[in-house]
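This report describes selected side-chain features of one structure. The sequence and the model follow.

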Amino acid sequence: GKTGTISGIINSLAAFGIVIANYGFGSLSDIFSWTAIIYIWAALIILRLLFMFLALPLWNRFASKFNP
């Protein structure tokens, strides 16, 4: 059904992202250094955490509609 289709799309996009990330970060490490890549990863983690905490009230409001 639709759930399987959406799951397949998400999984294929995740696999594509892994391929792009491996090539992209490898290329960037040739230009800069692995230290710079680690700093980029740390910055991305901080941004993801920030977005997660900002989206938490929206998620709770959405989830409360299904779990009264």
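A polar contact is a pair of N or O atoms within 3.5 Å; within protein, one of the two must be able to donate a hydrogen and the other to accept it. The model discussed here is predicted.

**Ser-29 and its surroundings**

By this criterion Ser-29 has a polar contact: its side chain reaches the backbone oxygen of Gly-26 at 2.7 Å. Ser-29 is part of helix α1. Its relative accessibility is 11%, so Ser-29 counts as buried, because buried means under 20% relative accessible area. When neighbours within four places in sequence are left aside, Ser-29 is in contact with Trp-34 and Ile-37.

Trp-34 belongs to helix α2. With neighbours within four places in sequence again left aside, the contacts of Trp-34 are Phe-25, Ser-29 and Trp-41.

**Aromatic pairs**

A pair of aromatic rings is described by the distance of the centres and the angle of the planes. The model has 4 aromatic pairs. One of them joins Phe-25 and Trp-41 in an edge-to-face arrangement, with 5.5 Å from centre to centre and 80 degrees between the planes. This pair links distant parts of the chain: Phe-25 is in helix α1 (residues 2–31) and Trp-41 in helix α2, 16 residues apart. Trp-34 and Trp-41 form a tilted pair, since their ring centres are 6.3 Å apart and their planes stand at 50 degrees. The angle falls between the limits for the other two classes, because planes under 30 degrees apart count as stacked and those over 60 as edge-to-face. Phe-25, Trp-34 and Trp-41 together make up one aromatic cluster.

**Accessibility**

| Residue | Relative accessibility | Class |
|---|---|---|
| Phe-25 | 21% | partly exposed |
| Trp-41 | 36% | partly exposed |
| Ala-55 | 35% | partly exposed |
| Phe-62 | 40% | partly exposed |

Why does Phe-25 count as partly exposed? Its relative accessibility is 21%, and the partly exposed class lies between the limit for buried, under 20%, and that for exposed, over 50%.

Phe-62 is located in helix α2, which covers residues 34–64. Phe-62 is also one of the residues of a nonpolar surface patch, which consists of Ile-45, Leu-49, Met-52, Phe-53, Leu-56, Trp-59, Phe-62 and Phe-66. Together these residues have about 860 Å² of accessible area.

Ala-55 is likewise placed in helix α2. Two C-alpha to C-alpha distances relate this region to the residues described above. Leu-56, a member of the patch, is 33 Å from Trp-34 in space and 22 residues from it in sequence. Ala-55 and Ser-29 are separated by 26 residues in sequence and by 32 Å in space.

Notes: Residues numbered from 1 in each chain as written. Predicted model: local features only at pLDDT ≥ 70, side-chain atom pairs only at ≥ 80, totals over all residues. Heavy atoms only, no water. Patch = residues over 30% accessible without salt bridge, like charges linked within 9 Å, V, L, I, M, F, W, Y side chains within 5 Å. Areas by Shrake-Rupley, 256 points an atom, 1.4 Å probe, with all protein chains shown as cover. Salt bridge = Lys/Arg side-chain N within 4 Å of Asp/Glu carboxyl O. Helix = DSSP H or I, 4+ residues; strand = E, 2+ residues; numbered from the N terminus. Buried < 20%, exposed > 50% of the residue type's maximum accessible area, 1.4 Å probe, protein only. Phe/Tyr/Trp six-rings, centres within 6.5 Å; stacked < 30°, edge-to-face > 60°. Contact = heavy atoms within 4.5 Å.
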